[in-house]
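Me: Please take a close look at one chain of this model, and at the side of that chain that touches its partner.

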Amino acid sequence: MARGLLDARARVAGPRREPRRGSGGPGRTRYLVGAICLAICAVMLMPLVMSVLASVKPTAEAAASPPTYLPHSVSLDSYQRLWSYQQGLPTYLWNSLGTALLTIAFTLLLTVPAAYALARFPIPGKEVIFVVLLLALIVPYQAMLTPIFLMFADIGLTNSLVGLAILHTAIQLPFSLYILRNSFSAVPRELAEAAIVDGASSWQALVRIFLPSTVPAIVTVALFAFIMSWNEFLGALVMMSKGSKFTLPLILAAARTETSLGGTDWGMLQAGITISIIPCVLVYLLLQRYYVSGLMSGATK
Amino acid sequence: MYRSKRGRLVGFAYLAPALAFVLVFTVYPLGQMMWMSLHNWSLLTPPVWVGFDNYERVFGDRQFWVSFLFTLKYTALITPVLIVGGYLLALLTAHNSPLRKVTRTVVFVPVVIGLGVSSLLWYWLFSADFGLVNRVLMDLGLVSGPVLWLGVDADMSNLAISTSVVWKVIGFGMILFVGAIQAVPTEITEATMVDGASHRQRVTRVILPLTLRTVLLVTLLSVIGSLLAFDQFYIMTAGQPQNETATSVFYVYLNSFPYLKLGYGAALSMVLAVTILAFTVVQLLLARRSEV
């Protein structure tokens, strides 16, 4: 909706110069607003910066009480300890990444064809089916973990990346389907009909016409699936009881209480936090446009 | 397109995998949960039908109410901050100048990192002896000794955890508010400027009423999110002291998994699901009206 209005505004406003809004004319206000913006940025970035700085403190300094503000010298000790902590960082990285990639794959494989069908085929009872597919929107997955766990325990999907990815797909499916269906519906009818007249099968029309026209929505869906799966905690906590299957957030939460003698290894914890944050922030900064548009259409509708 | 009968079949074939997936992994567990909630079941013994006993027990369970009221308290504390704070940030940054765009991006960064990971980060910042929050407070002379933020007093824990979550999610509301504010037609704001309205009047009389629906939607989303809080409490207080900071979802988790009271856990889940459902229905109704 926001987008539609924006376009409408652009059309009506035409070539006129947009009035400065809020930024309010006189110089003093502008400097004040600038200063407030900078202060807000500083406050928001501070915790992340402090965590990264703490992760490069040498072992003794990282365990100091009271803590130092800035590292006196830079060391990668904490990263080294994290690298070989318990099963080793590569195992946990792989568990998190593998689950996230499987979640993206499952989500797209299920929702792309379904969105195509819902947007373009005369299926009887389509509206009812759509509501059933969106059911997970109104029942929080937090409430359904026990029956899902029991089912997975029966069919050997606990302590399995595939199992966790299935759970994450179930969480992410309604949002993805919603975004994709809207995007498939927006593909111009003439385009698809031209392909059919040329004798293309529905599958060829999907691959040649629809997929290329819905790339932004597909990227958005993949992006949200990645970030949700990489970060998800409660489901992983319930499904993964073996240490060797822990995802990154799980092993870090475990490390919070049960580290080497002498209490929590704060330096290593900050190293782990830094490593878990990097992919999310990178992906967000690179694909910000998709993220924000997905949020607008997914959350406000 | 594809009007023929064959077209319907083909369409259904595209739809079938997703439908089967949802039936197996969402609809079936939902039914299973209802069935479980009517049984006494501990994994070790076979389930025994008990009718609505579990539900009766829920409402007489002291810890259920402690958890539920604590969750409400947390929701009541954090929601106004998120909405008012998010809206003020949106008013500040809605205009597309480079600095404001950067501010928007920066404020939004914590939204994309995990709640579990951000909770671990703040667990460290609020740690009594090793955390920077106490270091700053002591250096400024505001407190004489380390403050025990987490897991000792329920209200202090609530305050500390709410602070961390505000940092983590305030950008979510802000981005949606920015979208709504930018969608206010320029003609309207221009007209009020010609009429000589002050900035404050423009905000309260024009922008706020025109974006009210988004404000309501974000409020509902925030309330639902807060009522389902788990990660931050599991990580930062582990429910301490004496499960006073164990939220509703936390209590479901405790019963279903560590305690293995599966039937009782399912009844708790059902109560939670119905509570959330009430809020979601309002949200969907609001959203639907906007599409007209």
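Reply: Of the 301 residues of chain A, 45% count as buried, a residue being buried if 20 or more other C-beta atoms, placed from the backbone, lie within 10 Å of its own. This is a predicted model, in which local features need pLDDT of at least 70, side-chain atom pairs count only at pLDDT 80 or more, and totals for chains, interfaces and linings use all residues. Residues are numbered from 1 along each chain as its sequence is written, while chains are lettered from A and ligands numbered from 1 in the order in which they are written.

Chain A has 16 helices and zero strands; these are DSSP runs numbered from the N terminus, helices being H or I of at least four residues and strands E of at least two. The unreviewed UniProt entry places "transmembrane region" features at several stretches of chain A, including residues 128-149 and 209-230; such annotations may be inferred rather than shown by experiment. Residues 128-149 of chain A are 86% helix and 0% strand, with end C-alpha atoms 28 Å apart. For residues 209-230 of chain A the figures are 95% helix, 0% strand and 32 Å.

Turning to the partner, 87 residues of chain A are in contact with 89 residues of chain B, contact meaning C-beta atoms, placed from the backbone, within 7 Å. Helix 2 (residues 27-55) of chain A gives the largest share of the side that touches chain B, 11 residues. That side of chain A divides into 65 nonpolar, 15 polar and seven charged residues; Ala, Val, Leu, Ile, Met, Phe, Trp, Tyr, Cys and Pro count as nonpolar, Asp, Glu, Lys and Arg as charged, and the others, Gly among them, as polar. The model scores ipTM 0.90 and pTM 0.89.

Definitions and conventions:
A residue is buried if 20 or more other C-beta atoms lie within 10 Å of its own, exposed if 12 or fewer, and partly exposed in between; C-beta atoms are placed from the backbone. Two residues are in contact if their C-beta atoms, placed from the backbone, lie within 7 Å.
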